Amino acid sequence: MPNAFDPITIGPLSLPNRVAMAPLTRRRAYGDGLSATPLMAEYYRQRATAGLIVAEAAQPSRVGQGYTDTPGLHDTAQVASWHPVTDAVHHAGGRIYTQLMHAGRNSHPELLGGGLHPLAPSACAAEGVVRVHGGEPAVRKPYPIPQVLTMQGIADTIADFADAAANAIDAGFDGVELHGAYGYLIQQFLSGNANRRTDRYGGSVAGRVRFPLDLVDAVAARIGPERLALRISPGCTAFGLEEPDLHELYLTLVDGLPRDLAYLHVFEFPGHRDLTVKLREHWAGVFMLNPHETHHDWPAGRRQLRLVDDGLADILSFGTLFISNPDLVHRLRLGAPLAEADETTFYRGDHRGYTDYPCLEEALS
C-alpha cells in the first residue's frame, strides 16, 4: 500500500505527495472589489510543498457572498488579481485548486449590497448571525428569510458556477473544488429542513441530490471533469441544517457523480466513520479525506497519516496545521515537532473575522 508521502495523480496533475492543504476561509481579500492581494500570493507560496493546495473559498457571484472580505471569481478584475497567486505557487513547484462556494441563505442584504437578497432552496432562515460590515466594532445581524430560487434562478446559479470555474482556469488554477459542505448552498439543497421544495429539486433523496449533480455536470462540461472535484461534509449541522436518511442521501449523491472527477473530498464529522467507509467503497476515483473519527481527532494531524497506509484515503487534507506549519509536509515526513496555532491570533488577529464564524469546522479542518 502507498503511504502519505508517495506520489499520486489527479486528473492531469502529478502530485509529489498525498498531503493536501484544506481550504480555509481567511477573509483577507482586501483588494478592490474583493480581489486577491500580494499577501495572499505569499501565503500560498509558502505552502507550495503540499501535494495540493485547495485555496480559500471564492464566491461565484455577488449574491453568493456569505462573509466580509472573501474573494470572488466572477469579474475580470478578480480573475486578474488571482494570477500572481497561482503564478507564485507554480513558480515554487506547487499545484493549486480554488474552491467555489455560494453561501445561499447564509448571507444578508447589507453584506451583499446593490439591492441583492440571499437566495436558497426554500424560504427558511439559517440559524445564527452574520457580520454585515468590515472593521471594528463588528456589526452582526440575524440571517434573514431568503428568497426562494425559481427554476430559472437555479439555472442561472449553475451558470454562474460554470462561468466562475472557467474564470478560475483562466486565472491559472489547476482545477476547481465545489464547496458542497458546511451548510452552504449545495448542502442546503441536500438538507431536509432547509430544502422544502416539492418540485424536481426537493422532496425525495433523488430530488435533493439533483442540484449538486446538475451543478457538477455543468461545471464538468465547461472545464473538464478531470479538473473538477466536490467537497462534502455528511452529517454537518451548521446553520441549523438537518439531513434525514443520511447514508442513503450521500451514497445516492456519490453514486451519481461522474467517475472521472479529479477527486472526492470528504470532511468527516465525528461519529460517522461507518459512512466514510461506505463512501470510500462506493467511490472508485481518488478519495481525499479530512479525517475526524472522534472529537479527539480534531484537528486532523500526524496520527491520521496511517489512513493512507490502511487504504481508507488516497489523500489526506489538513487545515489548522498548515496555518502554523507552512512546511507541514517536511515536518510530518521527518516526525519533527509541529507548531500549534495560537487561537487568539487565529480568531481575533491575523485571521480577523473568525470571532463570528458560526461553524468552526472550516476553520479547524
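How many positive and how many negative side chains does the chain have, and how far apart do the centres of the two sets lie? The chain has 31 positive and 42 negative side chains, with the two centres 2 Å apart; here Lys and Arg count as positive and Asp and Glu as negative, while His and the chain ends are not counted, and the place of a charge is taken as NZ of Lys, CZ of Arg, CG of Asp or CD of Glu.

The model is a predicted one, in which local features need pLDDT of at least 70 and side-chain atom pairs count only at pLDDT 80 or more, whereas totals for chains, interfaces and linings use all residues. Residues are numbered from 1 along each chain as its sequence is written, and side-chain values use heavy atoms, with hydrogens and water left out.

Consider the overall form next. The secondary structure comes to 13 helices and 14 strands, where helices (H or I, at least four residues) and strands (E, at least two) are DSSP runs numbered from the N terminus. Along its principal axes the C-alpha trace spans about 50 × 45 × 40 Å. The radius of gyration of the chain is 19 Å, which agrees with the value near 21 Å that a compact globule of 365 residues would have; this radius is taken over C-alpha atoms, and the globule rule is 2.2 Å times the number of residues to the power 0.38.

Of the 365 residues, 62% count as buried, a word that means under 20% relative accessible area, with exposed meaning over 50% and partly exposed in between (1.4 Å probe, protein chains only).

Inside the chain, the largest nonpolar core has 84 residues, and those with the most contacts inside it are Leu178 and Phe318. Such a core is a set of buried Ala, Val, Leu, Ile, Met, Phe, Trp, Tyr and Cys residues joined through side-chain atoms within 4.5 Å. Beyond its neighbours within four places in sequence, Leu178 is in contact (heavy atoms within 4.5 Å) with residues including Leu100, Phe161, Leu215 and Leu230. A second, separate core of 17 residues includes Tyr67, Met101, Leu111 and Cys236.

Two loop residues remain to be visited. Leu34, in the loop between strand E3 (19-21) and helix H1 (38-45), is a residue other than glycine with a positive phi, near 60°, and Leu34 is partly exposed at a relative accessible area of 22%. Asp245 lies in the loop between strand E11 (228-232) and helix H8 (246-256); its phi is near 55°, again a positive value in a residue other than glycine, and Asp245 counts as partly exposed at 46% relative accessibility.
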